[in-house]
Amino acid sequence: IDPDRVEVFFEAAADLGVEVVTIDKGWEENVGDWVAHPSYVGGVPALAQRVHDRGLRLGLWVAAGNAAPESRVALKHPEWLAQWRGKRLLLSHRNHVICLGHKPGADAVLEQLDTLARAGMDWLLHDFETIARCDATHHSHDAATGERAAAAGWYAILRELRQRHPDLVVENCWNGGRPLDLAMIAHHDTTIGDDWCRSETNRVAKLGLGRYLPSSWGTAYMGDEELPARSQLAPYLIGGPWVLMGNIAGWNAEHRETVRRALDIARRWRTADRAARVIEPDTDAPVAGLVTTPRADGSRLAAFVISPDDIGRTIRWRSGVGMLCDEWTGARRVVTAAEAERGVLLDTSAPTGLALSIHPG
């Protein structure tokens with residue numbers, strides 16, 4: 001990541017009509033020193049201004065609570081670092097952890113995040129091990145309960161940050177290095193479901209998260225894959241924030257237009273309804289698919305991926321009675337009670353991704 005590449009992606013994102021551009025690891029001077037690298041003229045405020053001027057919002061990757069050994073914060077305040085049995089911890093990418101159970105360190109992390117939000121950060125992508133065990137006797141926590149104190153400290157930081165910046169979105173990328181539990185869910189807006197950036201693994205992750213989390217909670221990362229465009233895109237039409245990780249500036253016009261159409265479908269069907277879930281479609285034969293739980297009007301969206309192994313196979317989706325719409329083309333037809341009982345016959349003539357909606361009435 002460098003300023004020139006970031007600028008190119010700002011332009012590509014604005015052209016596609018995406019809503020947030022998140023700058024991944026590499027924008028920072030050091031892990032732990034959360035100011036822009038000197039190559040970014042004007043720092044975070046200038047980055048935010050260029051994003052906002054394009055009608056987008058700015059997201060930043062931040063390993064809050066971590067500190068590289070060469071960072072200013074680690075060199076100036078080694079007493080803040082978590083330690084275990086007399087040694088400072090080295091965790092993700094050989095970075096130290098600031099003990100968030102130790103009040104001076106936690107206060108400093110809060111002020112760093114507050115400064116970024118005031119500079120224009122709209123979306124906080126929180127990553128790496130924020131919560132670490134620590135038995136340092138010189139810290140403000142009990143040496144026997146350092147890990148518990150660190151978790152409480154991190155949640156206190158997020159609560160205060162939300163109070164100061166109620167519109168800030170907090171994405172949970174790696175759960176602070178801990179399992180995704182109810183406390184972690186309560187303090188974030190969305191979570192990464194899968195880190196492979198692949199269509200199929202994201203589909204499976206959405207089904208897993210959909211068992212107990214709203215559809216808006218499964219952030220899906222999409223990289224470039226050697227798949228037919230609609231096959232790749234279909235699972236991303238349903239569920240939470242959709243993150244484009246590929247070379248969007250290098251996509252050809254045809255692919256860009258297909259993605260733009262997919263983004264339109266996803267926007268029209270996404271919901272803030274906390275009861276909405278992503279579930280498996282009711283079919284009479286195995287097929288990769290996702291479906292939303294019904295909206296208030298009873299309508300639902302289904303996405304299917306027809307693989308080469310599915311070609312010519314008879315696959316029926318029990319959609320229910322109503323108006324069936326092909327979301328890619330806009331074509332509509334009525335599904336009768338008799339057809340609904342058998343199930344709607346899916347088009348398996350070629351490998352592709354299907355996007356079908358059913359509207360009762």
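**View 1. Glu-28 stands opposite Ala-36 of strand 3.** This view, like the others, is drawn from a predicted model. Strand 2, which covers residues 28–30, and strand 3, which covers residues 33–36, pair with each other in the antiparallel sense, and two bridges join them. The two strands form a hairpin with two residues between them, and in the turn Gly-32 has a positive phi of about 110°.

**View 2. Thr-219 is a buried residue in strand 12.** The strand in which Thr-219 has its place runs over residues 218–222. Thr-219 has a relative accessibility of 1%, and because buried means under 20%, Thr-219 counts as buried. When residues up to four places away in sequence are left out, Thr-219 touches Glu-171, Thr-190, Thr-191, Ile-192, Gly-193, Asn-202, Pro-241 and Val-243.

**View 3. The largest pocket holds about 1,500 Å³ of space.** Its lining is made up of 47 residues, and those closest to the centre of the pocket are Val-20, Thr-22, Trp-242, Val-243 and Leu-244. Two or more lining residues come from each of the following elements: helix 1 (3–16), strand 1 (20–23), strand 4 (57–62), strand 9 (121–126), strand 10 (169–172), strand 11 (190–192), strand 13 (242–244) and helix 9 (253–269). Helix 1 supplies the largest share of this lining, with five residues. Sorted by class, the lining of the largest pocket consists of 28 nonpolar, eight polar and eleven charged residues.

**View 4. The second largest pocket has a volume of about 290 Å³.** Of the 17 residues that line the second largest pocket, Leu-324, Asp-326, Asp-347, Leu-354 and Leu-356 are the closest to its centre. The elements that each give two or more residues to this lining are strand 18 (322–326), strand 19 (332–335), strand 20 (344–345) and strand 21 (352–359). Strand 21 gives the most to the lining of the second largest pocket, contributing five residues. By class, the lining of the second largest pocket divides into ten nonpolar, two polar and five charged residues.

Definitions and conventions: Residues numbered from 1 in each chain as written. Predicted model: local features only at pLDDT ≥ 70, side-chain atom pairs only at ≥ 80, totals over all residues. Heavy atoms only, no water. Helix = DSSP H or I, 4+ residues; strand = E, 2+ residues; numbered from the N terminus. Buried < 20%, exposed > 50% of the residue type's maximum accessible area, 1.4 Å probe, protein only. Contact = heavy atoms within 4.5 Å. Pairing = 2+ DSSP bridges. 1 Å grid on protein atoms, 1.4 Å probe; cavity = no way out; pocket = protein on both sides within 12 Å on 5 of 7 lines; lining within 4 Å. Points joined across faces, edges and corners; volume = space filled by probe spheres on them. Nonpolar A, V, L, I, M, F, W, Y, C, P; charged D, E, K, R; others polar.
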